[in-house]
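Please open the model in your viewer and keep the selection tool at hand.

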Amino acid sequence: MPMEMGNGTTVQEFILEGFPASQHLGKVLFLVHLLAYLASIAGNAVIVTITCADSRLHTPMYFFLSIFSFFECCFTSTVIPKLLIIFLLGRQTISFPACFIQAFVTVFLGAAGFFLIAVMSLDRYVAICKPLHYPTIMSLKTCFLLVTACFALAFPLITSPVVKVSQLSFCGRHVIPHFFCDLALLIHLSCSDSSSTERLAFVLASVILLTSLIITIIAYSNIVVTIVRLPSAKEKKKAFSTCSSHLIVLSLMYGSSVFIYVKPKQTNRLDSSREAALVTTVVTPLLNPVIYTLRNKQVHQALRETICRMKISR
């Protein structure tokens with residue numbers, strides 16, 4: 001519902017500032033971001049499709065990768081279409097309900113995505129450190145339970161701060177200095193006492209990021225120890241190759257997200273935060289299909305055979 005302002009009027013909408021310094025490049029930026037958006041959707045959709053279609057990819061690693069690709073499609077589709085409208089038509093307004101729906105979906109998918117990243121780290125740990133027990137430990141039932149747990153943990157953690165922010169009062173021009181409804185900036189737009197809400201959001205963001213990061217560090221510490229102990233250089237290279245893409249994506253996700261969210265004062269470095277958010281919403285979903293799976297020989301072979309079957313069926 002629209003939120004009452006301090007003077008009794010009602011906030012019906014917010015204004016997304018976008019990139020004010022680049023307004024004269026609106027058409028060019030629209031084209032660049034449109035191509036990046038279409039490429040990321042296509043790349044991640046291909047991963048989901050061939051993982052479902054090819055029985056050789058019905059393994060825990062590719063199951064988690066397909067779920068992660070689906071997450072990326074949903075996440076970027078929550079943010080980029082509105083940004084494209086801003087670039088092309090200059091329509092910067094977003095309604096109060098739409099703004100908080102966007103804020104909830106982006107933060108929820110982001111939190112679930114970080115939990116999933118931790119699960120993927122555990123999957124690599126079991127595969128490399130306990131290979132004989134891998135099929136038993138990472139059964140199909142376990143994989144589904146782990147993915148469900150990512151959603152189940154993220155939902156209550158995210159719902160509470162989003163609901164609290166939506167109940168705040170908003171004053172002034174209600175201009176959001178970003179290209180999407182960032183929850184931290186919505187807190188700072190409020191004319192209510194939002195200190196407790198800000199602390200809650202900061203603590204929950206820190207808990208989500210640090211929990212995922214600690215699990216990942218523990219998993220990869222054990223992986224490194226196991227790889228070092230392998231007798232041949234060939235075995236070491238093979239083991240490390242299964243983790244290298246994951247590590248690249250980890251660096252992009254953790255680096256940009258820690259920079260954006262885990263800092264008590266969100267009012268500074270807004271331009272830098274926008275650039276870091278672009279990495280999360282545009283660059284990472286675009287690069288994931290390339291650095292995560294499309295460079296994998298099994299995926300290449302599955303993709304070629306799928307294309308061949310499509311040609312034959314015609």
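Is Phe151 buried or exposed, or does it fall in between? Phe151 is partly exposed, with a relative accessible area of 31%; buried means under 20% relative accessible area, exposed over 50%, and partly exposed in between (1.4 Å probe, protein chains only).

Before continuing, note that this is a predicted model, in which local features need pLDDT of at least 70 and side-chain atom pairs count only at pLDDT 80 or more, while totals for chains, interfaces and linings use all residues. Residues are numbered from 1 along each chain as its sequence is written, and side-chain values use heavy atoms, with hydrogens and water left out.

**Aromatic rings**

Rings of Phe, Tyr and Trp (its six-membered ring) pair if their centres lie within 6.5 Å; planes under 30 degrees apart count as stacked, over 60 as edge-to-face and the rest as tilted. By this rule there are 14 aromatic pairs. Helices here are DSSP runs (H or I, at least four residues), numbered from the N terminus. Phe71 is buried, at a relative accessible area of 4%.

Next, select Phe104 and Phe108. Their ring centres are 5.8 Å apart and their planes at 0°, so the pair is stacked. Both residues lie in helix 3 (residues 96-129), four residues apart, which is about one turn of the helix. Phe104 is partly exposed at 21% relative accessible area, whereas Phe108 counts as buried at 13%.

**Salt bridges**

Side chains of opposite charge can pair when their charged atoms come close. The structure holds two salt bridges, each a side-chain nitrogen of Lys or Arg within 4 Å of a carboxyl oxygen of Asp or Glu. Select Asp54 and Arg56, whose closest N and O atoms are 2.9 Å apart. Asp54 is buried, with a relative accessible area of 5%, and Arg56 is partly exposed at 37%. Then select Arg124 and Asp123, where the corresponding distance is 3.0 Å. Both Arg124 and Asp123 are buried.

**An annotated span**

Finally, select residues 100-122, one of the spans that an unreviewed UniProt entry lists as "transmembrane region"; such annotations may be inferred rather than shown by experiment. The span is 100% helix and 0% strand, and its end C-alpha atoms are 33 Å apart.

Technical notes:
Helices (H or I, at least four residues) and strands (E, at least two) are DSSP runs, numbered from the N terminus.
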